[in-house]
Amino acid sequence: MTSQLKLSITGGRVIDPFTSRDEIIDIHIAEGRIVGVHTPPPGFQPDRIIDARNLIVSPGFIDLSARLGEPGFAQKGTIHSETAAAAKGGVTFLCCPPDSRPVVDSPAVVKLICDRSQQTGFCQVNPIAALTQGLEGEQLSAMAALQEAGCVAVSNSWLPIKNNQILRRCMEYAATFGLRLFVNAQDASLAAGGCAHEGLVATRLGLPAIPESAETIAVITHLLLAEQTGVRLHFSQISAGKSAQLIAQAQRQGLAVSADVAIHQLLLSEQNIDHYNALSHCQPPLRSLRDQDELRQALADGTVQAVCSDHRPHEHAAKSEPFAETAPGISSLETLLPLTLKLVECGVLSLNTALQRLTQGPAQVLGLPCAGISVGATADLTVFSPTESWEINADTLISAGKNTPFLGETVAGKVKLTLLMGRVVYED
Amino acid sequence: MTADSQLQLNSKGQLRHFLSLNGLNRALLTEILDTTDSFVSVGEQAVKKVPLLRGKVVANLFFEASTRTRTTFELAAKRLSADVLNINISTSATSKGESLKDMLQNLEAMACDMFVVRHAQSGAAHFIAQQVCPDVAIINAGDGRHAHPTQAMLDMYTIRRHKGGFAGLVVAIVGDILHSRVARSEIQALTTLGVAEVRVVAPKTLLPTDIEGLGVSVFHSLKEGLRDADVVMTLRLQKERMHSALLPSEHEFYKRYGLSRDSLGFAKPDAVVMHPGPINRGVEIESEVADGVQSLILKQVNYGIAVRMAVLSMTMSGQMATRIKSS
């Protein structure tokens, strides 16, 4: 690790959802922590002063779902390449889903991922543990051991649990240890063979479809069993407006349930798969404009607490097949900020709410003890220009995955500096 | 121009691929039908050949089994004097791990001028034209559930020849619309050519979501759907549909949706009956109707060769014009 300099970030607009701060103020950093807000501690001599005038200083972004390729899929990305992309995207903490190879169902795999990400040092990585052994949906994973290894959440990713009896027991066991259950809600039989939202576009293109009910039925099942078992439930990457309504209803009734949505679900729709555009092939599928609108509302009103990148890097060949045979997913760590700012520009979210959904919202979902931008807090910070524009293309993306339907688009919002525990891990 | 027409047409608006009817206008579809007229007579001559594709190599790439479509494409290409390669691509090719892209690029390197492609995946022909071999003319001979544009055009030719045109016609398409690429292309062709009404008639399990959005009226009753129809198109019902809980039995389907002499009575007295084949007699159509005076089923097969000659020659000419321009 590079040595930790004493830094002062001066003249920036500090927006911190953790402390509800929004003011132009200086921040002083030493030994990985914030040692002064506004006034430096007595005798503080910065090694470097970062001029943040006209820039925004935010807590580092927390991403609830980003796949790293490694372990198992190094042709798609490595922990090094993808955490570097995270740093470039302003993300200082990310969760990687358990569906790597090997699956994250043993402390050894957790350790492998954590060790390698610590060695590379770009971003803090917290693997989500497998809910069942091998993600096969039949036997409980060693949840207590996985928790001891550092995991805070368990999930079966997109793989089905064999039956509701097993699901119930998974929930009870996870609840025993206070582990959060992350759910990709999908009824396996209704989704079987599908690759696109069931609607006019899939009908016209003749693509096997996944109905909205594949998600909503699973949402209802999980809500009912969570109520019964007391597990802390979180829905990952919901795609249907109706799911948000069901979750809101449960929240009103007092159930501790949260949700996140992938950024592309808020900006794209089924229209984007027209002409068999495999770059827009996603899981869950991009749904209707109505769903998009309802998800935006749910994000704005707080039913959905977090926006995630749902980063899935792929090698070129994985997207170079007839549509249904291509791998789903978008490389999206580096576009998370500018795409979220699009929601601010079109009036869905205020800038402060948008940053809340990228920082404090996901931190709460994970139960992380973040203190935001305050004296004594870990200096995980993102400094960005909300207006500077850049073109998304294969050269500007450093992720190994260049698979994004936003290629060629010019977007506003550029990360200028990312600090992880007081170290500069990315600088524009 | 839509992205589909950009992909299929050259700068002069001529076909350079033939992937789907999406984005093709009425004038172009009419040109295909007019060109077909001139080729129908070729089939009636003692020497059934014209030299339009002499020196060109046409490869038939069938990733899915087909007898009739492949044979008519082969005959069409040979009547145009092309050299024809029939490449059997069994499913084992993919199990060898070779990607579709690699396989096609190898074939392209063998200097093929045109690929006639049938594939089980919707969008396969688009994918090849877009990402694999843009300089080879791609003819879609059926992709998944998406499109079978030459079949639709031969159906349109059959209708025009026997009904004199399209204006005012009521056309009913009956059967498994959900899995049918033929139905999707027919709907596109009929709406573009301006018939009065296109109807689809099927139980809900065999209709895709939001099919009304393609410009059709939906009927669940055969009697209602056939009332005053000028053209009745029935679709093949695959036997495996019984296994996926889409239908209880062939028998029940036949009783409700099978085209019999009785049910044909709901349509206009001069209604014509069409079927893309192969027929399941006694499942979607009664033998007496399939072989009856109102049936055009064998005519369809016959016109199929001429329609494919028209599409092959027009597409090759548009592709050559594009290549000359770009070189």
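Author: Helices here are DSSP runs of H or I with at least four residues, strands are E runs with at least two, and both are numbered from the N terminus. This is a predicted model, in which local features need pLDDT of at least 70 and side-chain atom pairs count only at pLDDT 80 or more, while totals for chains, interfaces and linings use all residues. Residues are numbered from 1 along each chain as its sequence is written, and chains are lettered from A and ligands numbered from 1 in the order in which they are written.

Now the helix itself. H8(A) covers residues 241–252, and its end C-alpha atoms are 17 Å apart. That agrees with the 16 Å that its 12 residues should span at 1.5 Å a residue (the expected span is 1.5 Å times one less than the number of residues).

Its buried residues are A:Gly241, A:Ser243, A:Ala244, A:Leu246, A:Ile247 and A:Ala250. Buried means 20 or more other C-beta atoms within 10 Å of the residue's own, exposed means 12 or fewer, and partly exposed lies in between; C-beta atoms are placed from the backbone. These buried residues pack against helix H7 (213–229), strand E16 (232–235), strand E17 (257–262) and helix H9 (289–301) of chain A. Contact means that the C-beta atoms of two residues, placed from the backbone, lie within 7 Å.

Helix H3(B), residues 68–79, has 12 residues and reaches 16 Å between its first and last C-alpha, close to the 16 Å expected. B:Thr69, B:Thr72, B:Phe73, B:Ala76, B:Ala77 and B:Arg79 are buried in H3(B). Seen down the axis of H3(B), they fall within an arc of 165°, so they line one face of the helix (the arc is that of the directions from the helix axis to the C-beta atoms). Partners of the buried residues of H3(B) include strand E1 (57–62) and helix H13 (297–326) of chain B. Just after H3(B), B:Ser81 takes a positive phi of about 70°.

Last, the chains together. In chain A, 18 residues are in contact with 24 residues of chain B. Helix H6 (residues 200–205) of chain A gives the largest share of the chain A side, four residues. That side divides into nine nonpolar, five polar and four charged residues. Ala, Val, Leu, Ile, Met, Phe, Trp, Tyr, Cys and Pro count as nonpolar, Asp, Glu, Lys and Arg as charged, and the others, Gly among them, as polar.
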